[in-house]
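Subject: Structure handover

Hello,

Here is the structure I promised to pass on. Please open it alongside this message; my notes follow below.

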Amino acid sequence: MHAVEAYYREVSDGKLSIETTFPPTFRMPHRAAWYATNHAQRDQDARAAAKARGFDPDKFDLEIMVFNSAVGGDGVGIFRGKGLWLAPPIGFAGVVHELGHNFGLPHNAVWKAWDGSVIGPGTEMTYADSYDPMGGGGDDPRNHFSVRSKALLGWFGPKDILNVTNSGRYRIYAEDLPGAAGARGLRIGRDATHEYWVEFRQLISENPYLMNGVRILKCHADVSGKVDMTLNLLDMTPDSPLGCKDAPLLLGRTFCDDKSGIYITPVSKGNTSPESVDIQVNLGHFPANHRPTLRVIATAQAATAGEPIVFRATAGDLDGNPLDYSWDFGDESFDWGKPVVTHRWEKTDGDFVARCTVTDMKGGSASKLLLVTIGHPLLHRLVGSITCYGKPMDNVLVAADTTNSVRTDSEGFFGLAGLKSGNHRITARIGGYWVDPAMVECPATENITMTAFPLGRDTIESKDGFVLQDDDCLSTPATFRPPVQITIVAKTSATNLRLAYAADQVIFNWEVNGTELRVDGGPANGQHKTGMGAIAPNEDVTIRWLVTPKRQMIFVNNKLRFQHAGDYSQIDRPVSVFTHQSTVTVKSIRVRQLPSGIQ
Ligand SMILES: [Zn+2]
């Protein structure tokens, strides 16, 4: 508890101190298994036992009940109130997190959009923000609560938070260091129900993204406090292998919410102590805005370790907007704010993918990738481009074997570095399109050209079928609300034809037990059906999935396999088909919106 006490004193800037009193351990009158289903009696017995030994729980602001075995409630904290239950393993992270609930903090989740964008419709991933105790990152005492949480708890007052209602430039100081000479966070109203919060952190010095970028959280505007009003950390590099490590918005780049007319660009550091960042916020809609043009030249494309290469960007903007630049050298070092930069790579014998991004800070941006070879790499590089009807496809996530990934630049160009000799499966993902994967053998001498096909909003068809392997996922570009009828024609080579809509996954031919129909997530979570999961391999089956506000039914070749009654009215997501360890071929996905009266 000493570590917990010290932590709260530090992160609250001395505004909260906890003093812990430890009563002796005592034996409860009933057995653990009995208490597991009798929580009220458990709490009453524990409190009475403490009181009998001279520790009256009513005289304390908080209470923690620690059990030596799980008695229903290992790691639970009452939301905004007194009551905290712990069972082994008990650690610093759990105590800090549950006390956070006691003080009235909701979870901090990472937002994951269905279409791979930053803020598109999607889902909350709880315990995925490893830099916030309410997001699962309580194990490192350098991880502070978010600026929004500190404001909710009153640790940051009105002076510490800038309410942005006009376009302008705003300075915020690191929220995790004491001694700031100004504000610690921005609050930007989005609409009647949501707002953005912007924060800057400087304590995790080994994370260059945090050191050179800001974190943006999307939150409910309502602060009356409900535990389900989770804060959502926005990940500026969704689906990257680094998880939330590279979630921050880097200096010189713009976060765009076109729908709400909010554009946020951290433009420079303040060179203050503690460090601060200046942020340009542009509010409004700029429908006639043109994206800037960008050309980048380098003094060399190969160098030895420590040898400088100069990059010169030439950008233009038809609207005459001021431009800002961001440089990512592919070695986790960054630069910003200027069109000409010099960089030296200290790591040797490798290829590096450098990227220059230019933004007009009003929603228009362009980027350019350059591959740089340092020393004599033992591994290989791969370059290629993606087009759709001859038009370059910007911002497509390209991955080699699901580990190494990059996004295409404005010319549809991509480069992948550090690939071993042999075959690689190159996949590309962007919402609303399908890109056929490519098999490439390294070393490869030719550029790969990949083609993107636009997908119909509610009808996806292919005579030869879309072939899915590994992490491939075929999704409708649109999201749907019940009542809907979904018809899928597909086959699997062996196992795991998987679907998502009214559940996170419905699995046919599950690799562990092929005859069981698996239903994970959604209102019917865990209602697996014995004997209903098998489909013939290598044979097209027609799956009909009927989902109304009150029930779902799944038919295979017109035979009922599954039905469940529940509340399906809140579903609003795309229809997806995917696989695991097999090859699934999808001929068609059709979604028909049914008349709204159908229950
Ligand atoms: Zn929790």
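First, the overall dimensions. This is a predicted model. The protein chain has 599 residues and a radius of gyration of 27 Å, which agrees with the value near 25 Å that a compact globule of that length would have. Along the principal axes, its C-alpha atoms fill a box of roughly 80 × 70 × 50 Å. Of the 599 residues, 40% count as buried. Take the contacts in the chain with a separation of 6 or more: residues 24 or more positions apart account for 58% of them.

The secondary structure comes to six helices and 43 strands.

Start at helix α1.

Helix α1 covers residues 2-11, and its buried residues are Tyr7, Tyr8 and Val11. Where do these buried residues of α1 fall, seen down the axis? They lie within an arc of 95°, so they line one face of the helix. Their cover includes α4 (92-103). Just after α1, aspartate 13 takes a positive phi of about 55°.

Next, a sheet.

Six strands make up an open sheet, with antiparallel pairing, in the order β33-β43-β35-β39-β40-β41. β33 (459-468) and β41 (559-565) are the edge strands, each pairing on one side only. From one strand to the next, the twist averages 15°. Within this sheet, look at β39 and β40. Strand β39 (residues 541-547) runs antiparallel to strand β40 (residues 551-556), and five bridges join the two. Leucine 546 has methionine 553 in β40 standing opposite.

Then the backbone points to check. Most residues other than glycine have a negative phi, and most peptide bonds are trans. The following sites depart from that pattern.

Two cis peptide bonds:

- Cysteine 442 to proline 443 is cis, with omega near 0°. Proline 443 sits in the loop between β31 (438-442) and β32 (448-454).
- Proline 482 and proline 483 are joined by a cis bond, with omega about 5°. Proline 483 lies in the loop between β34 (473-475) and β35 (484-492).

Two loop residues with positive phi:

- Glutamate 332 is not a glycine, yet its phi is positive, near 60°. It belongs to the loop between β19 (324-328) and β20 (334-336).
- Asparagine 496 is not a glycine either, and its phi is positive at about 55°. Its loop runs between β35 and β36 (497-500).

Is asparagine 496 buried or exposed? Asparagine 496 is buried, because 22 other C-beta atoms lie within 10 Å and the cut-off for buried is 20 or more. Glutamate 332 has 15 other C-beta atoms within 10 Å, so it counts as partly exposed.

When you go through the model, I would take α1 and its cover from α4 to begin with. Leave the cis bond at proline 443 and the cis bond at proline 483 for the end.

Best wishes

Key:
Residues numbered from 1 in each chain as written. Predicted model: local features only at pLDDT ≥ 70, side-chain atom pairs only at ≥ 80, totals over all residues. Pairing = 2+ DSSP bridges. Helix = DSSP H or I, 4+ residues; strand = E, 2+ residues; numbered from the N terminus. Axes fitted to C-alpha atoms, helices over the stretch in contact; angles between N-to-C directions. Buried ≥ 20, exposed ≤ 12 C-beta atoms within 10 Å, placed from the backbone. Arc of directions from axis to C-beta. Contact = placed C-beta atoms within 7 Å. Rg over C-alpha atoms; globule rule 2.2 N^0.38 Å.
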